[in-house]
Amino acid sequence: MKSVGVMMLFLHCALSEKFELVGQVSPVVATAGSDVVLPCSVRHSADQSSLSAVNMNITWTRSDLGDALVHFYGNREDMNTRQIPHYRGRTALFTEELQNGNVSLSLSDVSVFDEGEYRCNVESREWERDFSFKIRVEVIGTRPLISVERYDEKSEQFSLLCESKGWRPQPDLQWLDREENNLTAGDTESHREVDLFTVKRRITVYKTDIDNVYCRVTLGRHIREERVKPSAICGKLLHTA
């Protein structure tokens, strides 16, 4: 009888063991069209070691959409009948990693509509914890287009315009020389249509320096560049001759 009592006490302690969730404090940044992992893991409160989540309920929701269901796991299987249609076929847990406490969510083919606040909730029989963080979605725009707006024959100077469309959020646009020095140029103009930005910026350069400048548009680690096309320059010179 004593051994049975000890066993029951052990089981009770195991089931009621306290845990906490560990996730990413800063926003998760994803690029539109890519796949992203929303990190969340279960840890023992006492020593931060991993704790199996195989027998727990795992609920991913959108806090900014009234806790609408993104993904649910319970009774050792996915149960997504109440899942938001927008997420159908795009979410998955790392089932082989649940035993290690990994309850992260994989989200495929990210779009701007996925941007928002997400909550990871994990529930055992006697304990429950949740962790919230945001996803920020970036959209990479078009390759810069350089056009010749004007050529002054007296000063032999070109007025060039660099333009790029379809970015989110607004990127940084620079005119640079071959040594990547930032050149003096006009102010960056931006136009927002729906959630996407178009940026453009002008620069004046001498004809002798035309091969030495290029345009760069940057958003985080994403870079798009373009150099002046000789055909555009020749066309402009012929037109003004």
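This is a predicted model: local features need pLDDT of at least 70, side-chain atom pairs count only at pLDDT 80 or more; totals for chains, interfaces and linings use all residues.
A second, separate core of 18 residues includes Phe158, Cys162, Cys215 and Val228. The largest nonpolar core has 31 residues, and within it Leu38, Trp60 and Val103 touch the most other members.

## Aromatic pairs

The structure holds 4 aromatic pairs. One of them brings together Trp60 and Phe133: the ring centres are 6.0 Å apart and the planes stand at 75°, so the pair is edge-to-face. Trp60 belongs to strand E5 (residues 57-62) and Phe133 to strand E11 (residues 128-138), so this pair ties together parts that are 73 residues apart in sequence. Phe133 is buried, at 3% relative accessibility.

Another pair consists of Tyr151 and Phe158, with ring centres 4.4 Å apart and planes at 35°, so the arrangement is tilted. Tyr151 counts as buried at 11% relative accessibility, and Phe158 counts as buried at 0%. Ring pairs also link Trp60, Phe131 and Phe133 into a cluster.

## Phe94 in a loop

Phe94 is located in the loop between strand E8 (91-93) and strand E9 (105-107).

Not counting residues up to four places away in sequence, the contacts of Phe94 are Val37, Asn102, Ser104 and Ser106. One of these, Ser104, is 10 residues from Phe94 in sequence, and the C-alpha atoms of the two are 6.9 Å apart in space.

## The disulfide

A search of the whole structure finds 1 disulfide. The bond joins Cys162 to Cys215, with an S to S distance of 1.9 Å. The two cysteines come from distant parts of the chain, 53 residues apart: Cys162 is in strand E13 (residues 157-167) and Cys215 in strand E17 (residues 213-219). The torsion about the S-S bond is about -75°, so the disulfide is left-handed.

How buried are the two partners? Cys162 has a relative accessible area of 0% and is buried. Cys215 likewise counts as buried, at 0% relative accessibility. Both cysteines are among the members of the second core, which also includes Phe158 and Val228.

Strand E13, which carries Cys162, takes part in an open sheet of 4 strands with the order E12-E13-E16-E15 and antiparallel pairing. The edge strands are E12 (145-152) and E15 (189-193), each of which pairs on one side only. On average, neighbouring strands of this sheet are turned by 20° against each other, direction ignored. Strands of a sheet pair through backbone hydrogen bonds, either parallel or antiparallel.

Strands E13 and E16 (residues 196-206) run antiparallel and are joined by 9 bridges. Cys162 stands opposite Arg201 in E16.

## Val199 in strand E16

Val199 lies in strand E16 and counts as buried, at 0% relative accessibility. Which residues does Val199 touch, not counting those up to four places away in sequence? The contacts are Cys162, Glu163, Ser164, Gln170, Pro171, Leu173, Thr188, Glu189 and Ser190. Cys162, one of these contacts, is a partner in the disulfide with Cys215.

Gln170 is also among the contacts of Val199. The two residues are 29 residues apart in sequence, while the distance between their C-alpha atoms is 7.7 Å.

Key
Residues are numbered from 1 along each chain as its sequence is written. Side-chain values use heavy atoms; hydrogens and water are left out. A disulfide is a pair of cysteine sulfur atoms within 2.5 Å. Buried means under 20% relative accessible area, exposed over 50%, partly exposed in between (1.4 Å probe, protein chains only). Contact means heavy atoms within 4.5 Å. Rings of Phe, Tyr and Trp (its six-membered ring) pair if their centres lie within 6.5 Å; planes under 30 degrees apart count as stacked, over 60 as edge-to-face and the rest as tilted. Two strands pair if DSSP finds at least two bridges between them. Axes are lines fitted to C-alpha atoms, for helices over the stretch in contact, and angles run from 0 to 180 degrees between N-to-C directions. A nonpolar core is a set of buried Ala, Val, Leu, Ile, Met, Phe, Trp, Tyr and Cys residues joined through side-chain atoms within 4.5 Å.
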